[in-house]
Amino acid sequence: MTMKKIFKWAGALLLLLGLFFGSGLADEIAPSPQGRAAAPGGQLTITLLDVGHGDAVLLQQGSKNAMIDVGDRFAWQTLQEHLKRRQVQRVEKVFITHHHSDHMGNILDFLPRYKVSRVFDNGGVNERLEKSVKLRQILDRGDYGYAKGGRLEAGRRVELGPGYYLEVFSPGSFLTASLSKKELKNINNTGLVMKLHYGDFTMLFTGDAEAPAEAALAQRLSPEELRCDVLKVAHHGSRNSSYYPFIAKVKPRYALISCGDFQKYHHPNQKTVGRLQHIGATVYNTREHGCLTVVTDGKNYQVRKER
Ligand SMILES: [Zn+2]
């Protein structure tokens with residue numbers, strides 16, 4: 001092939017990629033491993049919304065919306081703006097990983113505002129947080145479909161659409177067996193850890209799990225079970241999380257961190273980012289890159305950053 005032909009082909013390829021993935025936001029395209037098939041439900045969009053310190057992840061497939069955590073109180077306006085920009089009027093299912101304010105501070109306003117039908121959590125409560133106590137009361141009386149299996153634990157699976165579900169890895173009795181009393185008292189360690197499946201695409205949501213919980217999961221699950229395309233990094237990229245062999249087994253291509261004010265929280269920790277890069281992951285965080293979006297058809301996927 002002559003150089004001229006090579007340039008012509010490369011130009012055509014770039015144009016095609018540009019058309020397919022839109023302009024401006026396009027970042028890198030992860031090639032699909034052989035044998036993967038697209039999911040029947042079309043496109044799934046997963047966005048780590050930039051809500052400062054905290055977690056708020058939006059899952060959108062067709063007209064169906066779900067959230068994993070809903071951010072802290074100070075970010076209520078920001079969260080509503082993010083959802084408005086994405087034409088979200090209703091969120092059918094909400095998953096609360098654990099009852100810390102930076103994950104569920106907005107929940108009592110969120111439930112009526114977005115006409116939520118189902119709420120899922122780990123059944124825990126944070127006695128020091130009024131909102132948590134209130135949410136516990138609401139859920140324990142069976143509201144928001146909680147009586148029909150809202151309390152999640154390892155082994156459960158929540159269907160979100162065709163070929164689209166969350167597989168619950170934690171909490172479970174295996175934690176009680178491997179963690180100390182002090183480690184179990186830290187509610188970061190007993191939060192929901194869930195693997196999202198969409199066709200062949202997978203993403204792991206770790207909440208704020210710290211090293212002891214990660215170690216227990218790495219021991220309990222096989223590399224095939226833990227392996228994921230994308231990882232929502234645990235605990236805002238803190239120095240207490242993302243240790244080997246857990247991350248080595250997950251082996252994500254992308255590691256996405258939701259974090260805010262560096263002066264206050266020192267997230268993400270540079271050594272933690274280094275460990276994630278060492279296992280081959282491209283690491284982005286919401287403070288530097290704004291909202292982080294994963295778009296997938298269940299076969300191929302693409303990660304976009306806002307800036
Ligand atoms: Zn947190």
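What follows is a short chat about how some features of this predicted model get their labels.

User: What makes E7 and E8 a pair of strands?

Analyst: Pairing takes at least two bridges found by DSSP. Strand E7 (residues 157-161) and E8 have 4 bridges, in the antiparallel sense, so they pass that cut-off. As one example, the bridge partner of Arg-157 is Glu-167 in E8. The two strands form a hairpin with 2 residues between them, and Gly-163 in the turn has a positive phi of about 65°.

User: How do you know that E8 pairs with E9 too?

Analyst: Go by the bridges again: E8 and strand E9 (residues 193-198) share 6 of them, antiparallel. The cut-off is at least two, so that counts as pairing. Val-168, for instance, has Met-194 in E9 as its bridge partner.

User: Why is E8 called mostly covered?

Analyst: A residue is buried if 20 or more other C-beta atoms lie within 10 Å of its own. In E8 (residues 164-170), 5 of the 7 residues are buried.

User: What makes E14 and E15 a hairpin?

Analyst: Strand E14 (residues 292-296) and strand E15 (residues 301-305) pair in the antiparallel sense over 5 bridges, and there are 4 residues between them. Thr-296 has Tyr-301 in E15 as its bridge partner. In the turn, Gly-298 has a positive phi of about 95°.

User: How do you know which residues of H12 are on the same side?

Analyst: Start with the buried residues of helix H12 (residues 270-278): Thr-272, Arg-275 and Leu-276. They cover an arc of only 95° around the axis, which means they sit on the same side of H12. The face turned away from that buried side carries the exposed residues Gln-270, Lys-271, Gly-274, Gln-277 and His-278. Just after the helix, Gly-280 takes a positive phi of about 100°.

User: What covers the buried residues of H12?

Analyst: The cover includes helix H10 (246-250), strand E12 (254-257) and strand E13 (282-285).

User: Which residues have the most contacts inside the largest nonpolar core?

Analyst: They are Val-57, Met-67, Ala-255 and Leu-256, in a core of 73 residues. Take Ala-255: leaving aside neighbours within four places in sequence, Ala-255 is in contact with Leu-231, Val-233, Leu-276, Ala-281 and Val-283. Each of those contacts means C-beta atoms within 7 Å. Leu-276 has come up already, as one of the buried residues of H12.

Conventions: Residues numbered from 1 in each chain as written. Predicted model: local features only at pLDDT ≥ 70, side-chain atom pairs only at ≥ 80, totals over all residues. Core = buried A, V, L, I, M, F, W, Y, C linked by C-beta atoms within 7 Å. Buried ≥ 20, exposed ≤ 12 C-beta atoms within 10 Å, placed from the backbone. Contact = placed C-beta atoms within 7 Å. Arc of directions from axis to C-beta.
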